Amino acid sequence: MFLGIDIGTSAVKLVCADTNRILATSSAGIDISSPQPGWSEQHPDIWWQATCDALSLLAGQITLSEVKAIGLSGQMHGAVLLGRDKRPIRPAILWNDSRAAIECDELCIAQPQIGQIAGVLPLPGFTAPKIAWLKQHEPANYAQLAHILLPKDYIGLCLHGELATDTSDAAGTMWLDQASRTWHIGVAEATGVALDWLPQVFDGHSVVGTVTSQAAEATGLKPGVPVVAGGGDAATGAVSLGATEPERGFISLGTSGQLFVADRRYKPNPERYVHAFAHTLPDRWYQMAAMLNGARPISWIGGQLGLSAAEVVALAETVSGDRVPVFLPYLTGERSPLGDPHIRACFFGLEDSTTRADICRSVLEAIAFCFADAVQSFGDTIDSLPELAAIGGGSQSDLLLGLIATVTGKPIVRSDGADTGPAYGAARLAAYGDGALDRVDLAHQRTTTDRFEPADMASLSERLMRFRALYAAVRAVK
C-alpha cells in the first residue's frame with residue numbers, strides 16, 4: 001500500500017493505493033492570505049497541520065502502519081524561505097502571486113537567453129524573481145535566508161528531515177537548466193541566490209529519506225518508511241494518467257489549469273509562454289500551457305453568490321450561452337499564453353435581465369475559452385494527440401468538459417478518481433521507487449469512464465471571438 005500526499009492551494013489531498021487502484025482518500029482544506037493586492041501567501045506550517053489532519057481522517061479508512069512508501073506532490077513555484085534552523089522566516093509566496101513583475105523584466109535583461117535556459121520567459125509566479133523581490137523589499141528576511149524549498153518539499157522536510165526536490169518542481173523555479181537538469185549558476189546569481197541555498201535535485205521515484213520518529217509520532221505513520229522525491233502537481237498528474245510518453249496529454253482543472261503534453265525531448269517555445277519543463281522521470285520533458293485561473297473562477301463566483309461549486313455548475317446547465325455575459329476569468333493575472341500579470345477579471349454585457357444562471361454559465365464558458373487559447377498557443381504540437389484526459393476537481397463537470405472538447409476540437413476523457421490525479425500520481429511514484437511498479441507500468445493509461453466529443457462550434461465561435469476582443473480592450477485600460 002502506497003501513500004500520495006498532494007499539497008494543493010486550497011486543500012491537502014491524500015490517496016492510498018496499491019499498484020493499480022485507489023484504496024482510500026482524504027483531504028483537509030487550507031486558506032490563502034492576500035495581505036496586499038496581487039499578493040498570495042500561505043504559511044508552510046498550515047500545510048503540515050493539514051497533512052496531519054488528513055492523515056487522521058485517512059486512518060479511519062486504512063491502517064497507516066501498512067504504508068510501504070510515500071510520494072509527494074504539490075503546487076509549483078511557491079517560495080518556501082527557511083533560515084539556518086530550517087524553519088520558515090516568513091509565509092511562503094505562492095504561484096499566483098504577482099508582486100515580482102519588475103524583477104522579471106530585470107531578469108530578462110541580466111539573462112537574455114533565459115527563455116531557452118529555463119523553458120519559459122520570466123513571470124512573477126515563478127520562484128526565482130520572488131527572491132530578487134525579497135532582497136529589494138524585505139532585506140531583513142533576505143539576510144536570514146539559508147534554504148529555499150518548494151511547497152511539497154517542505155512536507156518532505158517535515159517527514160524525513162532532508163532538503164531535497166525533484167526535477168519537475170525544480171523546473172518551475174527558473175533556476176533549473178532544463179536541458180542538463182542542473183541548477184544554472186547565472187540565473188541564480190542574477191536573482192541573488194547562492195547555489196547552496198537550493199536543495200539537491202532527484203528523479204521523482206528516488207528515495208530521498210525515511211519517516212523520522214518525530215514525524216511518525218505526529219502523523220501515525222510508521223518510522224523508517226521511505227519517501228520518494230515525487231513531483232510538481234503537473235508532473236504527478238501526468239503520472240496518474242500514464243502521460244509519461246510522447247503523444248500523450250491531458251488537461252488539469254484545479255485551482256489553476258494546465259494543458260500538458262509529454263515528450264522525449266526538450267522543446268522550448270518561450271515566445272508563446274508555453275512552458276517546456278523537465279518531467280519528474282529521467283529522459284522525459286513536457287510542454288505545458290499553465291493558466292493561473294483553472295476551475296478557481298467557479299469557486300470564486302460561488303462565494304460571491306452564496307453557492308457551492310456544484311450549485312454554480314448546476315445553474316450554468318439551465319441556460320444556453322446565447323444571451324449570457326462574456327467573462328474574463330483573470331482573477332490574478334494570466335500566464336499562458338498571455339504572459340500578463342496585470343490583467344484582471346471582468347464581466348461584459350450585463351443587462352437588467354441577467355440572472356445568476358447566466359453569470360454562472362459565462363464563468364464556465366470563460367474557463368473553456370482559456371483552454372482554446374492554450375491549444376492555439378501550442379501550434380501543431382497537439383495535432384497528433386487522439387484525445388486529452390481530464391483531472392482535477394473541475395473535471396467532475398460534464399458541462400465544462402463538453403465545452404472544452406468543443407472549443408479545443410479534441411475529445412476529452414475522464415476516468416474514475418480524476419479529481420485525485422496528482423496525489424494518485426505521487427502514490428504511483430512511491431510504488432515505482434519501492435520496486436512494486438516499473439517504467440512500463442507507469443505509462444499504463446487509466447480506464448476511461450466518460451468521453452466528451454467536440455460538438456458543433458457554431459454556437460460558441462462568436463462568443464470566443466468576443467472573449468478575445470474583450471481581453472484586447474481591457475488590456476488597454478488596466
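**View A. Serine 168, a buried residue.** At 0% relative accessibility, serine 168 counts as buried (buried means under 20% relative accessible area, exposed over 50%, partly exposed in between, with a 1.4 Å probe and protein chains only). This is a predicted model, where local features need pLDDT of at least 70, side-chain atom pairs count only at pLDDT 80 or more, and totals for chains, interfaces and linings use all residues. Residues are numbered from 1 along each chain as its sequence is written, and side-chain values use heavy atoms, leaving out hydrogens and water. You will find serine 168 in helix H7, residues 167-171 (helices are DSSP runs of H or I, at least four residues, numbered from the N terminus). Leaving aside neighbours within four places in sequence, serine 168 is in contact with Met76, Gly231, Gly232, Ala235, Ala278, His279 and Thr280 (contact means heavy atoms within 4.5 Å).

**View B. Helices H12 and H13 packed together.** H12 (residues 309-316) and H13 (residues 356-377) pack at about 100 degrees, their axes 7 Å apart (axes are lines fitted to C-alpha atoms over the stretch in contact, and angles run from 0 to 180 degrees between N-to-C directions). The two helices are therefore roughly perpendicular to each other (angles of 65 to 115 degrees; under 35 is roughly parallel, over 145 roughly antiparallel and the rest oblique). Val312, Val313, Leu315 and Ala316 of H12 meet Arg356, Ala357, Cys360, Arg361 and Leu364 of H13 in this contact.
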